[in-house]
Amino acid sequence: MQIRRITEADAKTVSELIRKTLEISNSTDYPKPMIEALVQRHTPEYVAERAAWTHFYVAEEDGRILGCGAIGPYWDKEDESSLFSVFVDPACQGRGIGRQLVETLEKDEFALRAARIEVPASITGLPFYRAMGYEYKNGKAVLDEERLYRLEKFTKKKEEPQADADSAKKLLQLIHDRHSYRGIYQPDAVPREDLQTIMEAGLAAPSGCNKQTTSLIAVDDPEILKKLRAVIDPPVGETAPALILVLTRRINAYRDRCFAVQDYSAAIENMLLAIKAVGYESCWYEGHITDADRIGWQMAQMLGVPDEYDLVCMLPVGKAAAAIHPPRKKPFEERAWFNRFGG
Ligand SMILES: Cc1cc2nc3c(=O)[nH]c(=O)nc-3n(C[C@H](O)[C@H](O)[C@H](O)COP(=O)(O)O)c2cc1C
């Protein structure tokens, strides 16, 4: 397979490829009228017009065009570029053609001159671009008016090795600074945006066979918080302005192996780190709410949680109003070794 620049003669074939892909691949994620409008728009003339102001490539094998993609300036900017029209023939998807196309686009002069590359990604294409290192623009996982996700990638700059080392240090510092906070919280409400960021970090955790058995409910309504607090006995996290409640479903990952506990544990740790990263404190309250009093179950009843879910953990979220008391951790040599147990 070779990737080459489009020629005038390819416009019709490329238009057909795009239309077919829209109808087969994208139609699972978009309503029919929307797909029809896009199909109408992608005429050979539209492809030729786009190729006139972008660098438009096609992936060709044995004389057949199997994919296409373009890169051009982002709103006429010299230092920002955008990917456009990345499509792979539905019959050839999964062969790495999309990856090769995007890698080619990222080596194009429009990419090399840019500090940032944006992609308007379809719902269908989202996992692909995320795997290619594109992040949600401004950290927002939202669809725009065309039902596209705005993703972006910042291209490497010379000073980045230092920047990378600094962010690695910050991340490690954050891991070591996280500790259970059981003191009083400041009463200030936690913005929804922060709660969403924290929950997104939880949902980004790994899960056995990707079964994604963990679900979350954030509670920030003072009335509901009051009702929940009434059943938390002895009281914990009672001054926190928000709670994140962790739900799990015992779905088997494969055969009789259920990794639901591992799944929600990974999600909780991600959230504890995210909570710290955005400036709040928390504590993993699981023992308190899952013992014989069945506090978690009572909370689940109040929140309308279906029977197949268990409410297993509560994370308060808020700014600390008191000091944090880190517990002593055993020394490294007592718990970790190289090559053999006991070192
Ligand atoms: C599975 C699990 C359950 C926990 N349940 C509770 C709990 O019910 N109440 C509580 O105060 N802390 C609870 N914790 C927090 C631990 O006590 C805490 O993580 C531990 O003492 C270490 O302190 P650190 O978090 O500051 O590193 C729990 C932690 C885990 C991992």
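An open sheet of 7 strands has the strand order 1-2-3-4-5-7-6, and its pairing is mixed; two strands count as paired if DSSP finds at least two bridges between them. Strand 1 (2–5) and strand 6 (135–136) form the edges, each with a single partner strand, so one side of each has no neighbour in the sheet. Helices (H or I, at least four residues) and strands (E, at least two) are DSSP runs numbered from the N terminus. The model is predicted, so local features need pLDDT of at least 70 and side-chain atom pairs count only at pLDDT 80 or more, while totals for chains, interfaces and linings use all residues. Residues are numbered from 1 along each chain as its sequence is written, and side-chain values use heavy atoms, with hydrogens and water left out.

**The chain as a whole**

- The secondary structure of the chain comes to 13 helices and 12 strands.
- The C-alpha trace spans about 75 × 45 × 45 Å along its principal axes.
- Of the 343 residues in the chain, 42% are buried; buried means under 20% relative accessible area, exposed means over 50%, and partly exposed lies in between (1.4 Å probe, protein chains only).
- Contact means heavy atoms within 4.5 Å. Among contacts between residues at least 6 apart in sequence, 71% join residues at least 24 apart.

**The open sheet and the helices beside it**

- Strand 1 pairs with strand 2 (residues 55–61) in the antiparallel sense, over 4 bridges. Within this pairing, Arg-5 stands opposite Tyr-57 in strand 2.
- Helix 4 (residues 97–105) lies across strand 1, strand 2, strand 3 (64–73) and strand 4 (80–88), and runs at about 155 degrees to strand 4. Axes are lines fitted to C-alpha atoms, for helices over the stretch in contact, and angles run from 0 to 180 degrees between N-to-C directions.
- Leu-17 belongs to helix 1 (residues 11–24) and is buried, with a relative accessible area of 5%.
- Not counting residues up to four places away in sequence, Leu-17 touches Ile-65, Leu-66, Gly-67, Cys-68, Phe-87, Val-88 and Asp-89.
- Leu-17 and Leu-105 are 88 residues apart in sequence and 19 Å apart in space, C-alpha to C-alpha.
- Ser-81 is found in strand 4 and counts as buried, at 0% relative accessibility.
- Leaving aside neighbours within four places in sequence, the residues in contact with Ser-81 include Ile-71, Gly-72, Pro-73, Tyr-74, Phe-110 and Arg-116.

**Strand 9 and its partners**

- Strand 9 (residues 242–249) is mostly covered, with 7 of its 8 residues buried.
- Strand 8 (residues 214–219) pairs with strand 9 in the antiparallel sense over 6 bridges. Here the bridge partner of Ser-215 is Leu-247 in strand 9.
- Strand 9 is also joined to strand 12 (residues 309–317) by 8 bridges, and these two strands run antiparallel. In this pairing Val-246 stands opposite Cys-313 in strand 12.

**Packing of helix 9 and helix 12**

- Two packed helices are described by the angle between their axes and the distance between the axes.
- The axes of helix 9 (residues 222–231) and helix 12 (residues 295–302) come within 9 Å and cross at roughly 150 degrees. That makes helix 9 roughly antiparallel to helix 12; angles under 35 degrees count as roughly parallel, over 145 as roughly antiparallel, 65 to 115 as roughly perpendicular and the rest as oblique.
- Lys-227, Leu-228 and Val-231 in helix 9 meet Ile-295, Gln-298, Met-299 and Met-302 in helix 12.
- The residues of this contact divide into 5 nonpolar, 1 polar and 1 charged. Ala, Val, Leu, Ile, Met, Phe, Trp, Tyr, Cys and Pro count as nonpolar, Asp, Glu, Lys and Arg as charged, and the others, Gly among them, as polar.

**Backbone features in loops**

- A cis peptide bond joins Asp-233 and Pro-234, with omega about 0 degrees. Pro-234 lies in the loop between helix 9 and strand 9.
- Trp-75 lies in the loop between strand 3 and strand 4. Its phi is near 45 degrees, a positive value in a residue other than glycine, and Trp-75 counts as exposed at 70% relative accessibility.
- Asn-210, in the loop between helix 8 (192–203) and strand 8, has a phi near 55 degrees, likewise a positive value in a residue other than glycine. At 51% relative accessibility, Asn-210 counts as exposed.
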